[in-house]
Each structure stands twice: as C-alpha cells, then as structure tokens.
Amino acid sequence: LVYLGLNTMYAFFLYERYGVEGFISIMVRALSIIMISSFVLCIILPDNFVYYDINYDKYVWKGVFTHKNTLGNYSALAILFIISNYKSKNHTMNYIFIVISIMNLLMSNSNTPLIALLGAIVYMIIRKTLKKDILGVVSCISILISYIYMLKYDLIMNILLNFNIIVSDSGRYGIFKSIIDLIKQRLFLGYGIGSCWMEGSYTYNVIYNIFGFNPNSAHNGFLDIVFNIGFIGFGLYIIILMSIVILNKKYCGENYKFTSILIFLLVLSIFESTLSNFKGIYWVIQMFFLFSLCKNNIKSRYQKI
C-alpha cells in the first residue's frame with residue numbers, strides 16, 4: 001500500500017517536473033543502461049547472468065534481473081520507449097539500443113512480452129494508417145480474453161484439439177483455478193494489496209500446499225487485482241482505466257506511439273500480473289498516463305473559458 005501511494009505521487013512528480021517528452025527521455029536513458037549492462041554481462045559472465053530453463057530445455061538470459069521474463073518485459077518496454085522518443089535526433093544510437101534490446105528479448109526466450117510488443121506495434125500501424133484510436137477496444141478485448149482464458153479454458157482447449165492444435169498453458173491454468181477458488185471466499189474486498197503472496201499468509205500456504213512452490217503472482221493482471229483488492233477495488237481500477245481510455249481518445253493527438261506502451265501493458269497482463277504491480281514501473285506508467293491526460297483535459301477546458 002505504501003508503494004502504491006509513493007509510486008502514484010512519483011508519477012505525478014514526473015509529469016509536473018518533466019512532462020511527457022521529458023519522461024520518455026528519462027525512461028530511454030534508464031532502460032538503455034539496463035539493456036546495455038544486461039547484454040554485456042550475459043556475454044562476459046554467463047555463469048552469473050544466464051541460467052538453464054527446464055521448461056524450455058535451454059539456456060536463457062536473465063540479465064541484471066532475477067528472471068528471464070523480467071528481462072523480456074523491460075527489453076520490450078525499452079524498444080517502445082525508444083520508438084516513442086520522436087524528438088530524439090540521435091538516430092544511430094537509438095538503432096543500436098533497439099538492436100541490443102531485441103537481442104536481449106530474443107535471448108531471454110520470453111514469449112509473452114514478444115507477443116505484447118507485436119500487439120503494440122500493430123496498434124501503432126493501425127493508429128497511423130487508419131487514424132483510429134483502439135485503446136478502448138484493446139482494453140475490452142484483453143479483459144474478455146482473460147475471462148475466456150481463466151473460466152472457459154476447458155472449452156477452448158476442446159475446440160483447439162478438434163483442429164489438432166495443441167497449446168501449452170505453462171501451468172497458468174492451475175494457478176488461475178486455485179486463485180479463483182480463494183477469491184470466492186473474499187469476493188468483495190480481496191486479501192489485501194500484496195499480502196496474498198506473503199510467506200506465512202493463509203493464501204500463500206494454500207497455494208504452496210497445492211503446487212509445492214509460490215508462483216508470486218496470478219499471472220494475469222486483472223485476476224491479481226481482484227485477488228488483492230476484491231471486486232470493489234477492481235471496479236475502481238476499471239474506472240481509472242476507462243478514464244485513461246476516454247481522455248486518450250480526446251487528447252492523445254500525435255502521442256499515439258507513447259500510448260502503445262499502455263497497449264503493451266494491457267496485452268502483457270493477459271498472461272502476466274503487470275497491471276497489478278503497484279510497486280514497479282508499470283504502475284508509474286499507468287498513473288503518468290492518467291495525470292498527463294487529466295492535465296490536458298483541464299487545459300482544454302480553461303482555454304474554452
């Protein structure tokens with residue numbers, strides 16, 4: 001809860017102090033340092049920054065992080081922030097940073113951020129060619145797919161098997177099922193922000209007894225929000241998300257490349273708990289969107305007066 005409050009204030013400070021262009025520039029510099037250091041360390045010190053992934057039966061990069069998926073997520077974010085840095089005149093360095101980020105993403109063998117990155121790029125193409133903002137459509141689709149994935153999984157698998165299509169859920173469905181059973185016990189208020197994953201808590205013990213390990217998240221952003229703060233909290237989050245969608249449609253303008261980062265987070269959250277990571281950069285980005293768009297709304301009303 002403290003992280004939630006501090007990161008919300010931090011997002012407000014970043015917008016008031018630097019604005020959208022400044023924020024993008026800061027993120028590009030920070031992510032570029034992370035990308036370069038991860039790339040170099042994985043090459044010269046593989047024993048410390050590369051590990052064997054038993055699920056994929058191969059060695060994967062984790063860079064300066066503890067897990068390959070985190071490196072994949074930040075690599076995709078770096079690519080999108082660099083693309084969004086339209087004011088930058090140092091194109092050569094941008095290309096180098098993008099290539100390094102792509103290498104980190106591919107070598108991490110993290111499929112989810114790759115899919116989300118492609119979704120964000122498709123959004124940019126649609127936004128530029130058709131001049132249509134589809135942030136609201138993507139938000140609704142991500143919630144719908146999450147619902148189908150979690151609650152209609154058996155039906156979808158039977159349909160795919162009829163066409164001889166085999167899809168692995170990477171163990172996510174078992175996690176979904178266990179968490180949904182726990183949510184039913186505290187439907188409206190949830191178990192508290194982050195407390196459901198704390199060692200020694202009731203939910204931690206239940207999940208650990210089922211799987212023999214703690215997955216650390218629900219592996220779906222919307223499900224994790226309900227798990228943390230119940231359907232009342234989820235309703236409040238949907239209000240925030242819809243506010244961003246509505247304001248973005250009115251005031252986004254040529255910043256659609258920046259909006260692609262939110263598209264990335266929404267698609268990623270179908271498979272990861274990105275949206276509910278209140279103590280990380282993901283929440284800062286969401287709140288930054290909200291504050292910047294609200295400021296545009298206030299400016300627009302003031303100009304009319």
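Is Asp53 buried or exposed? Asp53 is buried, with a relative accessible area of 6%. Here buried means under 20% relative accessible area, exposed means over 50%, and partly exposed lies in between, with a 1.4 Å probe and protein chains only.

This is a predicted model, in which local features need pLDDT of at least 70 and side-chain atom pairs count only at pLDDT 80 or more, while totals for chains, interfaces and linings use all residues. Residues are numbered from 1 along each chain as its sequence is written, and side-chain values use heavy atoms, with hydrogens and water left out.

**Overall picture**

The protein averages a pLDDT of 86, and 90% of the residues score at least 70. Over residues 300-305 the pLDDT is below 50, and this stretch has 1 contact in the model beyond near neighbours in sequence. The pLDDT is the predictor's confidence in each residue, from 0 to 100, and a contact means heavy atoms within 4.5 Å.

The protein has 12 helices and 2 strands. Along the sequence, the pattern is α-α-β-β-α-α-α-α-α-α-α-α-α-α. Helices (H or I, at least four residues) and strands (E, at least two) are DSSP runs numbered from the N terminus.

Of the 305 residues, 49% count as buried. Among contacts with a separation of 6 or more, 72% come from residues 24 or more positions apart. The accessible surface comes to about 16,000 Å², and 65% of that belongs to carbon and sulfur atoms. Such areas come from the Shrake-Rupley method with a 1.4 Å probe; for residues, only the protein chains shown count as cover.

**The salt bridge**

A search of the whole structure finds 1 salt bridge, defined as a side-chain nitrogen of Lys or Arg within 4 Å of a carboxyl oxygen of Asp or Glu. Lys68 forms a salt bridge with Asp53, and the closest N and O atoms are 4.0 Å apart. Lys68 lies in helix H3 (residues 68-84) and Asp53 in strand S1 (residues 50-53), so the pair ties together parts that are 15 residues apart in sequence. Lys68 is buried too, with a relative accessible area of 4%.

**Helix H11**

Helix H11 (residues 256-268) has 13 residues and reaches 18 Å from its first C-alpha to its last, close to the 18 Å expected at 1.5 Å a residue. The expected span is 1.5 Å times one less than the number of residues. Because 12 of the 13 residues of H11 are buried, the helix is largely enclosed by the rest of the structure. Among the buried residues are Tyr256, Phe258, Phe264 and Leu268. Tyr256 and Lys128 are 128 residues apart in sequence, yet 8.3 Å apart in space, C-alpha to C-alpha. Lys128 is found in helix H5 (residues 111-130) and counts as exposed at 56% relative accessibility.

**A surface patch**

Leu187, Phe188, Leu189, Phe231, Ile232, Leu236 and Ile239 make a nonpolar surface patch of about 720 Å². Patches are made of residues with over 30% relative accessible area and no salt bridge; like charges are joined within 9 Å, and nonpolar side chains (Val, Leu, Ile, Met, Phe, Trp, Tyr) within 5 Å. Ile239 lies in helix H10 (residues 221-251) and is exposed, with a relative accessible area of 53%.

Asn109 counts as buried at 16% relative accessibility. His219 is buried, with a relative accessible area of 16%.
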